[in-house]
Amino acid sequence: AHFTPDLKITQYYGATRKSTDFDKYDVIVTSYGVIRIDSESLAAQDLLYLVLDEAQAIKNPGSKTAHAVKTFSAEHRLCLTGTPIENHLGELWSMFDFLMPGFLGNQRKFNSNYRKPIELYNDTDRAEALKRRIAPFILRRTKDVVAKDLPPKTEMIYTTQLSGAQRDLYETIRIAVSDSVKEAIQERGIQ
């Protein structure tokens, strides 16, 4: 409203939402839940831009949400996320598969070219190659750039003593994990 007061905006959500003439609007705001439910009618729209906020919602390429947004027709696509990778590189592949299908190869090729060498073997050459490939398409802004008025990160560490059954359970799990780590090191080496 402040910068572009002429834009016509609609919110498409809720149990009472109706199919509407989206052509009358410049911006349509909806949720991932609505996208999953109404994917057919929404995918039929010709969009100039499709912007996914909190794009980690499509990190699982097999999810209904990821399938739905990938069927949308849009000239330009954009992902906004503070956490492009939470668990593994496959999540990054899923977002790029939405943005530019084929850019990182299909999922199988990506896994063999990048994910497996980087995650299993700490292959720094493959990691650097992936970084160079995607760097032109990523704008990373840190908190100090976005919100200069925020104080620096504060960490508080509290130490807690376990007692009784809690301590016994912890020790049992710690010993079991320690043994399995030692076995893995003997079998595969420290790397």
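The model is a predicted one, in which local features need pLDDT of at least 70 and side-chain atom pairs count only at pLDDT 80 or more, while totals for chains, interfaces and linings use all residues. Residues are numbered from 1 along each chain as its sequence is written, and side-chain values use heavy atoms, without hydrogens and water.

The side chains of R17 and D38 form a salt bridge, with N and O 2.7 Å apart (a side-chain nitrogen of Lys or Arg within 4 Å of a carboxyl oxygen of Asp or Glu). Because D38 lies in the loop between α1 (32-37) and α2 (39-43) and R17 in the loop between β1 (9-11) and β2 (27-29), the pair ties together parts that are 21 residues apart in sequence. Helices (H or I, at least four residues) and strands (E, at least two) are DSSP runs, numbered from the N terminus.

## Other salt bridges

The whole structure holds five salt bridges. One of them joins K59 and E86, whose closest N and O atoms are 2.6 Å apart. This pair links distant parts of the chain, 27 residues apart: K59 is in the loop between β3 and α3 (64-70), and E86 is in the loop between β4 (73-80) and α4 (90-99). K59 is partly exposed at 24%, and E86 is partly exposed at 42%.

Another salt bridge, at 3.0 Å from N to O, joins R115 and E119. Both residues belong to helix α5 (residues 107-121) and stand four residues apart, about one turn of the helix. R115 is partly exposed at 23% relative accessibility, and E119 is partly exposed at 34%.

## The two sides of helix α6

In helix α6 (residues 124-134), the buried residues are A129, L130 and I134. They lie on the same side of α6 because they cover an arc of only 120° around the axis, the arc being that of the directions from the helix axis to the C-beta atoms. On the other side of α6, the residues T124, D125, K131 and R132 are exposed.

## A negative surface patch

D21, D23, D46 and E75 form a negative surface patch. Patches are made of residues with over 30% relative accessible area and no salt bridge; like charges are joined within 9 Å, and nonpolar side chains (Val, Leu, Ile, Met, Phe, Trp, Tyr) within 5 Å. D46 is located in strand β3 (residues 46-53) and is exposed, with a relative accessible area of 69%.

Methods:
Accessible areas come from the Shrake-Rupley method with a 1.4 Å probe; for residues, only the protein chains shown count as cover. Lys and Arg count as positive and Asp and Glu as negative; His and the chain ends are not counted. The place of a charge is taken as NZ of Lys, CZ of Arg, CG of Asp or CD of Glu. Buried means under 20% relative accessible area, exposed over 50%, partly exposed in between (1.4 Å probe, protein chains only).
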